[in-house]
Amino acid sequence: MKDRLIYERSVKGRVGYAWPTLDVPRIEPKEILSKTHIRAEAPKLPEVSEFDVVRHFTRLSQDNFSVDTNFYPLGSCTMKYNPKVNEKVAAMDGFAQIHPLQPEQHLQGILQLHWELEQLLSEITGMAAYTLQPSAGAQGELAGIKIILSYFQCKNEKRSTILIPDSAHGTNPATAALSQFKVVEVKSGADGLVDLADLKSKLNEDVAALMLTNPNTLGLFEKDILTITKLLHEVGALVYMDGANMNALLGNARPGDMQVDIMHLNLHKTFSTPHGGGGPGAGPVGVAKHLEDFLPVPRVRKKDGQLFWDYRAEHSIGRLHGFYGNVGVLVRAYTYIRFLGNTGIMRAGKTALINANYIKKKLEHLYPVPYGDLCMHEFVASAKSLKQYGVTAQDVAKRLLDFGFYAPTVYFPLIVEEALMIEPTETESKESLDAFIDAMLAIAEEAKAGLAPEAPQNMPVQRVDEVRAAREPNLRWLPPASSLPTEPPTQALGQSSMRMDSSSQTF
Amino acid sequence: MKIPEDLLYTKSHEWAKRDGQKIQVGITQHAQEELRDVVFVELPEIGKTVKAGEPVAVVESVKAAFDIYAPVSGTVSAVNEGLTTTPQLINDDCYTTGWMYTLEFSDEAELGNLLSPAAYAEQLKSGAA
Amino acid sequence: MDYVSNTDAQLKEMLDTIGVKDFDALLQSVPQSLHLKDLAIPPGLSESELLEATRKLAEQNKNLLQVPSFLGAGAYVHQIPTAVDAIACRGEWLTPYTPYQAEASQGILQSIYEFQTMVCELMGMEVSNASVYDGASAAAEGVLLAMRHTNRQRILISEAVHPHTRQVLATYLRGGSTIIQEIPTVNGVTDVEALEKAISDDVACVLMQQPNVFGVLEPAESISEITHRSGGLLVSSVYPTSLGLIDPPGSYGADIAVAEGRCLGSPVALGGPGLGLFATTQKLLRRIPGRLVGATVDKQGNRAFTLTLQTREQHIRREKATSNICTNQGWLALRATLFMSMLGPKGFQEWAYQNFAKAHYAFDAFTKIPWIKPAFEQDFFNEFTLTYDKGIDPHKVHQQLIEQGWAPGHLLSEWFPTHPQSSLWCVTETISKETIDRMAETLKGLSV
């Protein structure tokens with residue numbers, strides 16, 4: 001335990017920010033507001049100085065691995081470099097200091113950016129039209145599912161089944177269930193791809209759509225994609241593509257050309273916007289021409305050279321965001337695409353594949369890859385062969401941290417035993433890939449020699465007790481001598497941390 | 001693997017102990033070991049009626065959640081409240097203190113569909129092979 | 001340009017190692033007809049060209065440093081301490097992802113634990129999650145939670161909840177069998193008599209907003225009492241800034257408190273990204289959507305933090321998850337944590353107080369003008385509704401103000417056809433007395 005909580009740094013009376021002297025007459029709230037509207041006590045926030053805050057949060061930041069500091073091969077998350085210029089552009093007053101309800105004539109620049117970004121994404125993915133409103137991939141999926149729902153309602157067809165391959169991300173079934181669809185799983189075949197026979201056996205007039213991730217979560221391209229989309233269309237159903245793995249297709253192939261009807265993108269994956277420790281992302285949704293009317297409102301449109309928000313849309317699924325979406329994220333993605341341009345996009349997509357295949361080739365003799373000869377932008381290896389030495393995928397993941405690498409996605413997808421899902425992205429150099437490969441090989445050697453330590457050893461904390469966290473949920477700090485009802489573990493933790501403080505602060 | 005002789009079993013790894021017109025239900029040692037550390041148990045409400053094979057309760061570990069199914073049809077008549085504060089009772093002794101709920105069964109004949117200890121042991125063996 | 005580090009020579013060498021003759025061989029599983037030859041997007045730019053192009057776009061917007069603004073209505077402009085940006089823009093905060101590997105993410109995890117604590121304190125609630133997308137989706141998630149918990153299908157929503165929030169909720173519920181009933185307002189607040197008539201034991205929840213969309217403070221205690229009569233839950237959507245002065249949801253018995261938290265240290269940026277705050281009671285803990293961080297210990301018994309209660313979530317529960325949400329709004333949650341830390345209890349109170357005092361000063365100044373009347377005689381915080389005398393065209397009034405370089409309040413006629421003469425004005429700490437006086441003078445000088 002190295003760091004006190006900001007609350008434990010609190011000193012009564014200390015302040016961190018000064019408001020200007022009030023320039024209007026001071027009035028007494030009690031004389032103006034009804035008593036029931038007035039808060040009895042100030043919110044209990046820490047009392048710290050600006051310098052306390054800066055040191056505390058700078059110190060904490062150093063306890064994080066991040067793309068800027070470490071290779072971060074977290075599969076399916078596309079942890080590519082987040083360009084600094086994107087931040088500079090997003091912070092421009094003309095983008096950061098604008099109000100959503102300003103008149104449109106004052107917002108022509110940002111409307112133009114929306115307009116252009118929709119077109120850029122349409123061209124890159126081959127879809128006819130985009131909404132930029134969804135806040136993240138999962139909300140994009142929600143938009144997609146609602147579009148599917150509205151499309152069939154509009155056609156007066158009752159369809160209640162969504163097909164989802166067993167290798168899909170959990171968000172797919174969770175989203176379908178949110179709209180009362182019945183989820184039917186499609187099996188993967190021996191090659192890790194959609195089992196066409198199984199798919200056919202589940203196709204009927206009740207199927208609204210197939211939600212497909214392509215390349216799938218094994219990093220494999222669905223080679224029968226054209227057959228799959230044709231089969232779905234033959235029963236009048238739609239194909240939704242989860243664009244989580246779009247980085248594999250960037251400049252290489254387009255979902256629109258595969259006859260996909262709806263897809264979402266993750267701008268924080270494919271288009272380099274920072275993951276921010278878990279958001280904000282953005283999940284634009286693209287559709288084929290026949291579904292354009294169902295997109296959320298407002299849409300950006302142009303009339304007589306003037307751009308405006310258009311709320312008219314008879315079939316629209318409605319609104320998904322308090323205003324227009326994660327605009328700050330859209331600005332960054334736009335900046336990225338304009339910087340790369342056509343050749344840059346194509347080189348990025350190619351390199352993503354080369355980097356992934358390179359690692360795969362160098363590792364597969366010790367970490368076999370059960371599905372696929374060649375992969376797309378990521379692959380799923382198995383740590384199964386180390387099990388005989390008592391080392392699991394989880395152990396490999398934790399040991400990698402000691403070597404200075406963030407861990408791959410582990411235990412997903414479930415169809416690979418002891419799964420390690422590795423996605424290097426195009427921005428990592430061959431040298432960093434080689435260093436990662438060396439670490440993976442060293443970990444395997446350690447395991448075989450029976451020398452695998454209980455990792456991690458070199459992190460700010462050792463292996464964290466997740467069982468205790470779940471059995472005795474302690475989700476907020478309470479002062480040790482609080483008059484509030486306290487949970488025993490909180491008390492104990494708070495006290496022990498206070499004791500350890502003086503010796504562990506080493507500034 | 002402990003498989004007590006006085007219990008009946010399901011394919012989905014529940015055990016049932018008959019007591020008059022009721023059965024007590026829990027999960028088997030095999031299931032408990034697969035789950036590893038149980039961190040939470042969601043128990044049914046008393047009075048809930050269920051059909052055989054329907055989910056009744058949920059047992060959770062840190063990274064997984066499993067539905068627990070009704071071995072036979074009936075009405076929930078008691079639950080093991082101790083599990084709400086001490087879910088690890090299931091790990092400590094899944095066959096006694098780790099019981100989950102009691103069901104008043106509605107059709108005695110359904111008990112005949114359950115597995116004998118020998119049949120359950122056989123299922124585990126073939127599953128492992 | 002691109003951000004690829006590898007040289008062409010290195011890429012060739014790597015292809016040799018892989019054992020393929022060229023790049024196209026890696027696309028062998030992609031049908032030939034799908035291979036892309038070119039993309040019809042413009043060529044790339046150098047950094048200086050890029051900055052020039054984007055600056056041009058930015059300059060086509062009139063930003064709030066150029067235009068004094070009285071706009072609020074769900075998006076509030078507040079000061080952001082310099083240290084918030086300085087710290088939040090560190091790469092170690094900006095570029096990691098969700099802290100799945102706890103041991104390499106203690107900084108993020110601890111900051112979220114601190115965030116959860118602060119949100120609980122602010123709201124007066126027992127449990128907070130790590131945040132959701134924005135205030136509107138937080139309200140929708142709150143309603144979904146209430147429906148799951150009560151197993152009921154009818155919900156009551158005050159007409160004075162922001163229309164965008166109501167619209168987002170409608171989208172979330174689309175296709176289900178939920179019955180949404182709107183409770184009308186009377187004199188700017190939720191009509192409690194109408195609520196009493198509508199409440200029954202099939203109501204999952206009542207959704208209210210405090211202060212409401214007219215800026216008016218609702219009789220929250222009465223709404224809460226009526227809601228709870230028949231076992232429904234109260235979902236209250238609040239404005240965080242107000243909580244330095246106004247009674248928090250926990251104190252009037254809200255079961256679920258949600259908010260748009262962008263005002264806590266993040267720029268308004270056309271209303272996004274937002275920060276959905278989501279807090280509830282201990283009783284509803286297992287049904288909460290999204291990420292939660294908990295304190296525990298490591299192998300050596302030292303305090304450590306980790307994501308916890310993950311079995312609620314989509315990556316484990318799939319179609320049985322409490323929500324489909326995956327990420328939170330981590331970076332904005334961090335900014336809010338920095339912001340609240342710097343303010344502290346006194347600073348937060350003073351912040352709310354300055355908003356309150358300035359808004360009341362502006363209200364008094366504007367309503368002295370003969371053709372401008374308060375729409376309601378009600379308590380408000382930092383936003384109020386004005387009504388222009390009959391015969392005056394509000395659009396004309398506002399067009400004149402816009403042409404004179406102002407961003408006046410928001411006309412309500414589009415959202416509320418029943419209020420054709422009304423507009424909603426917001427005054428935050430960023431507006432000086434001098435600006436308010438100038439606005440009052442301008443209004444006075446208009447030919448209406």
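# Close-up views of a predicted model

Figure 1. Leaving aside residues up to four places away in sequence, C:Cys205 touches C:Val143, C:Ala146, C:Ile155, C:Gly232, C:Leu233, C:Leu234 and C:Val235. Keep in mind as you look around that this is a predicted model. Which residues touch the most other members of the largest nonpolar core? They are A:Tyr240, A:Leu420 and C:Cys205, out of 342 residues in that core. The top contributor to this core is H11(C), which gives 20 residues.

**Figure 2. Chain C as a whole.** Let's step back for a moment before zooming in again. Chain C is built with 13 helices and 15 strands. Of the 448 residues in chain C, 62% are buried. Now take the contacts in chain C between residues at least 6 apart in sequence: 73% of them join residues at least 24 apart.

**Figure 3. Two domains of chain C, side by side.** Chain C splits into domain 1 (82–340) and domain 2 (344–445). Their centres, taken over C-alpha atoms, are separated by 29 Å. Where the two meet, domain 1 of chain C puts in 15 residues and domain 2 of chain C puts in 18 residues. What kinds of residues does domain 1 of chain C use on the side that touches domain 2 of chain C? There are nine nonpolar and six polar residues there, and no charged ones.

**Figure 4. Where chain C meets chain A.** This contact draws 174 residues from chain C and 177 residues from chain A. On the chain C side, the largest share comes from helix H11 (residues 330–366) of chain C, with 23 residues. Sort the residues on that side by class and you get 87 nonpolar, 59 polar and 28 charged. Chain B touches chain A too, in a contact with five residues from chain B and four residues from chain A. The chain B side of that contact has four nonpolar residues, no polar ones and one charged.

Figure 5. Helix H2 (residues 47–59) of chain C has 13 residues, and the distance from its first C-alpha to its last is 18 Å, close to the 18 Å expected at 1.5 Å a residue. Which residues of H2(C) are buried? Look for C:Leu50, C:Thr54, C:Leu57 and C:Ala58. They sit on the same side of H2(C) because they cover an arc of only 100° around the axis. An α-helix has 3.6 residues a turn, so residues three or four places apart point the same way. Turned away from the buried side of H2(C) is a face with the exposed residues C:Ser48, C:Glu49, C:Glu52 and C:Lys56. And what covers the buried residues of H2(C)? The cover includes parts of chain A: helix H3 (84–90), helix H4 (93–96), helix H5 (108–125) and helix H11 (327–363).

**Figure 6. Two cis prolines in chain A.** Most peptide bonds are trans, but here are a couple of exceptions to find. A:Val297 and A:Pro298 are joined by a cis peptide bond, with omega about -5°. Where is A:Pro298? It lies in the loop between strand E7 (285–287) and strand E8 (299–303) of chain A. Another cis peptide bond joins A:Phe412 and A:Pro413, again with omega about -5°. A:Pro413 is in the loop between strand E11 (409–410) and strand E12 (419–422) of chain A.

**Figure 7. Two residues with a positive phi.** Most residues other than glycine have a negative phi, so this pair is worth a look. A:Thr425 has a phi near 70°, a positive value in a residue other than glycine. You'll find A:Thr425 in the loop between E12 and helix H13 (430–448) of chain A. Is A:Thr425 buried or exposed? A:Thr425 counts as buried because it has 28 C-beta neighbours inside 10 Å. Over in chain C, C:Asn187 has a positive phi as well, near 50°. The loop that holds C:Asn187 runs between strand E4 (185–186) and strand E5 (189–190) of chain C. With 11 other C-beta atoms within 10 Å, C:Asn187 is exposed.

Notes: Residues are numbered from 1 along each chain as its sequence is written. Chains are lettered from A and ligands numbered from 1 in the order in which they are written. This is a predicted model: local features need pLDDT of at least 70, side-chain atom pairs count only at pLDDT 80 or more; totals for chains, interfaces and linings use all residues. Two residues are in contact if their C-beta atoms, placed from the backbone, lie within 7 Å. Helices (H or I, at least four residues) and strands (E, at least two) are DSSP runs, numbered from the N terminus. Ala, Val, Leu, Ile, Met, Phe, Trp, Tyr, Cys and Pro count as nonpolar, Asp, Glu, Lys and Arg as charged, and the others, Gly among them, as polar. The expected span of a helix is 1.5 Å times one less than its number of residues. A residue is buried if 20 or more other C-beta atoms lie within 10 Å of its own, exposed if 12 or fewer, and partly exposed in between; C-beta atoms are placed from the backbone. The arc is that of the directions from the helix axis to the C-beta atoms. Domain bounds come from an automatic or database domain assignment. A nonpolar core is a set of buried Ala, Val, Leu, Ile, Met, Phe, Trp, Tyr and Cys residues joined through C-beta atoms within 7 Å.
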